[in-house]
Every structure is written in structure tokens, then in C-alpha cells.
Amino acid sequence: MDGGGAQYNPRTVEEVFRDFKGRRAGMVKALTTDVEEFYQQCDPEKENLCLYGFPSEQWEVNLPAEEVPPELPEPALGINFARDGMQEKDWLSLVAVHSDAWLLSVAFYFGARFGFDKADRKRLFNMINDLPTIFEVVTGTAKKQVKEKSSVSNHGSNKSKPNSKLQRASEPPGKYSKASQAKDEDEVMDEEDEDEHGETLCGACGENYASDEFWICCDICEKWFHGKCVKITPARAEHIKQYKCPSCTNKRARP
């Protein structure tokens, strides 16, 4: 197991951060949109398993590296053993915490290996710290923090959940954030929309809301998702009466 490090060694702050984001995106995917597959792969009857994230935004559940010491720091060992002894959400949260710790260790391993000085390390940490942690994405904490900030900035203005799939650009992104409306009205409201919802985070990848992207809201957990992250197109959304994200769908399907 080379963890994507044997053939790819980021040497600058920007390259290490890009590596971090790719690995993080893969692990977020495992714990959110691909959670059913991840759950099945973490069989407690198997040997010690680890969750790996790769710079290519892919993830893998596998045995730890055989070489000692390994090419990169290793993720938490034996995540599969705790699967059936905990509530699923608690187990996923535990894996998320260990995944956050592993991502930081890999990033600063590269920093130490390639001689980052104090200023470089501080800049790298600040870039990483601007992203929500995997734990925050998985538990919905990041969304709650955004709501609190939004409430303060808007002085307690009313933000009731929209009933219609198609919403005006000045309203929160509903089922369908890119509304069918006149082009000139779109341009007028675009800037206000970006300011108000710029910190809304995708429940799958953890990236910020942008007015030029299609978003969809889960009617069960009320998390927002990029359409591309959950493979829902605007045309398909038109025919969905109640949307359930992959995590909520899997919770209901599993006995």
C-alpha cells in the first residue's frame, strides 16, 4: 500500500494542500455518498482494515502497508472491528475523526520531509483549517456552524425551508437552486445570493455553495449536496417528490 505517495511526492505548500484536498475528498465520499459500499467492505470478520484516501479523490479499504516503516504515515488500524459494536452514526464519526488525524499527519509528513519552514507550516495549516473537517461534514456540524453564522449576520431574519423545488436566486437553494427565471433578474440577485449562501457546504464533498452550480436538498437530514456529487441532474430533480440522500436511503434500507 503506497497511499498514493510512492510515485507522487508534493514538494510545495500548494502541492501538499492539493494532495490533502484530494485525499480528503475521497474519504468524505466513503463516509457519505459511498457509505453503503464502505460499510459492507468493513467486515468485522476480516483482518485489521484501514481507510485510505488518495490524491485522485478515490478511497480504498485495505490491509495496512507491509513494509516497516511505511512510505507514508498509516491510517487508524482495525476500523472494521468496531463496526457492529456501535451505532452506525457513532462508528462513522469515529472513523471520520481518525481520518482527519491521518490527513494532517500525511500533510505535515510531506512538510517535514521537504523542509517546510515555520511560515510554510503556518500557511499550510491555515489553508487546511479553512476547510471543514471530515468529522464536521459527516456529523453535520459544519452545516450547523454555517447556520449560526448566517443567523447572526442576518440579525435573526426568517429562513424557513422552501416548499417548492424551484426557488428564486435570492432565496436559500431549495430542491433546485438554479431557478428558471429571467436572465436580467438572475444577474441582479446573483451577488446577494452568493453572499448569503457562500458558506453553505455540500454534505458529500464539503465544498462551499456557488450560485452557478446545481444543488439539491435532502428532505430527511436537510443537508445540501452538489447534484454532481449525488448524481442528480436538474431534469431528474423535477420528477422527485421527496429526495433522500445516499446516507438516509441506506439507513432506511439496512435492517
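This is a predicted model: local features need pLDDT of at least 70, side-chain atom pairs count only at pLDDT 80 or more; totals for chains, interfaces and linings use all residues.
Residues are numbered from 1 along each chain as its sequence is written, and side-chain values use heavy atoms, with hydrogens and water left out.

**Exercise 1. State how many helices and strands the protein has, and in what order the elements run.**

Step 1. Helices (H or I, at least four residues) and strands (E, at least two) are DSSP runs, numbered from the N terminus.
Step 2. The protein has 10 helices and four strands.
Step 3. Starting at the N terminus, the order is α-α-β-β-α-α-α-α-α-β-β-α-α-α.
Step 4. A residue is buried under 20% relative accessible area, exposed over 50% and partly exposed in between (1.4 Å probe, protein chains only). Of the 255 residues in the protein, 43% are buried.

**Exercise 2. Check the length of helix α1 against its number of residues.**

Step 1. The expected span of a helix is 1.5 Å times one less than its number of residues.
Step 2. Helix α1 covers residues 13-31, which is 19 residues, and should span 27 Å.
Step 3. The end C-alpha atoms of α1 are 27 Å apart, in agreement with that value.
Step 4. As for burial, 14 of the 19 residues of α1 are buried, so this helix is mostly covered.

**Exercise 3. Describe how α3 packs against α1 and against α4.**

Step 1. Axes are lines fitted to C-alpha atoms, for helices over the stretch in contact, and angles run from 0 to 180 degrees between N-to-C directions.
Step 2. The axes of α1 and α3 come within 10 Å and cross at roughly 165°. Angles under 35 degrees count as roughly parallel, over 145 as roughly antiparallel, 65 to 115 as roughly perpendicular and the rest as oblique. Therefore α1 and α3 are roughly antiparallel to each other.
Step 3. Contact means heavy atoms within 4.5 Å. Residues of α1 that meet α3 include Val16, Phe20 and Met27; among their partners in α3 are Leu92, Trp102 and Phe110.
Step 4. Helix α3 (residues 88-113) and helix α4 (residues 118-129) pack at about 150°, with axes 11 Å apart. This makes α3 roughly antiparallel to α4. Leu104, Ala107 and Phe108 of α3 make the contact with Arg121, Leu124, Phe125 and Ile128 of α4.
Step 5. Just after α3, Gly115 has a positive phi of about 70°.

**Exercise 4. Locate Thr33 and list what it touches.**

Step 1. Thr33 is in the loop between α1 and α2 (35-41).
Step 2. Its relative accessible area is 17%, so Thr33 is buried.
Step 3. Not counting residues up to four places away in sequence, Thr33 touches Val28, Ala204, Cys229, Val230 and Pro246.
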